[in-house]
Amino acid sequence: MLYKKLSSDRNEYEGCFNELFTPLCLFAYSYVGDRQLSKDIVQDVFMVIWKKKIFLKPQVVLKSYLYTSVKNKSLDYLKSKYHKTNCKLANGNLEALGTNDFFLREMVISEVSEIVRNAVKTLPPKCKKIIELSLGELSNKDIAEELSISLNTVKTQKRLAYKKLRPLLKEHFIFILPFL
């Protein structure tokens, strides 16, 4: 059976929502380019599976269903009359966004981002903050200025963070490597 009815197991639904909301928002953002709209699209997709009381099994089928639904909802928005009249998006761009290559690339990027984000959450607070700022594309100098610490402290904390992250991300290295 590919799905089961969600009669009383709200915890399973909430767990899925908590686990997949952020990567799905990143994925939707790659299509629509608007953070709030991305969140709205993902929430709409989750509302549909909740209202229909469908929960796909196994987890791989669920993820595939959710990513495909978010892609379709994002493309529907881009094709909408509202978007076409308020934004200029060339038909070629819309076609490129609808390809499987774009879909798969963006799905992998959002999954890898979530893996890295979860690994960073395990770091001590000071290391975590420095790595988050670094992932936000701030230079070591900018990080030092923002946190009012020395440049050497930033470098040392980053070194410690990478040392702690390496074993956590080792099994995902094959997916992460192309994005480094």
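A residue counts as buried when its relative accessible area is under 20%. Keep that cut-off in mind as you browse these close-ups of a predicted model.

**View A. Cysteine 127, a buried residue of helix H7.** With a relative accessible area of 3%, cysteine 127 is buried, because that value falls under 20%. Cysteine 127 belongs to helix H7, which spans residues 125-135. Leaving aside residues up to four places away in sequence, cysteine 127 touches Gln157, Leu160 and Ala161. Lysine 164 is 37 residues away from cysteine 127 in sequence, yet their C-alpha atoms are 9.9 Å apart in space.

**View B. The two sides of helix H7.** Here you can look for the buried residues of H7: Cys127, Ile130, Ile131, Leu133 and Ser134. These residues sit on the same side of H7, because they cover an arc of only 160 degrees around the axis. Pro125 and Leu135, on the other side of H7, are exposed. After H7 comes glutamate 137, with a positive phi near 70 degrees.

**View C. Helix H1 and its kink at leucine 20.** Just past H1, glycine 33 has a positive phi of about 70 degrees.

View D. Four aromatic pairs are found in the structure. In one of them, the ring centres of phenylalanine 27 and tyrosine 67 are 5.0 Å apart and the planes meet at 80 degrees, so the pair is edge-to-face. Phenylalanine 27 and tyrosine 67 are both buried.

**View E. A phenylalanine cluster, and an arginine over a tyrosine ring.** Phe17, Phe21 and Phe46 form a cluster linked by ring pairs. For another arrangement involving a ring, turn to tyrosine 29: arginine 35 lies over the face of tyrosine 29, at 5.4 Å from the ring centre.

Methods
Residues numbered from 1 in each chain as written. Predicted model: local features only at pLDDT ≥ 70, side-chain atom pairs only at ≥ 80, totals over all residues. Heavy atoms only, no water. Helix = DSSP H or I, 4+ residues; strand = E, 2+ residues; numbered from the N terminus. Buried < 20%, exposed > 50% of the residue type's maximum accessible area, 1.4 Å probe, protein only. Contact = heavy atoms within 4.5 Å. Phe/Tyr/Trp six-rings, centres within 6.5 Å; stacked < 30°, edge-to-face > 60°. Lys NZ or Arg CZ within 6 Å of the ring centre and 35° of its normal. Arc of directions from axis to C-beta. Bend = angle between axes of the 7 residues up to and from the residue.
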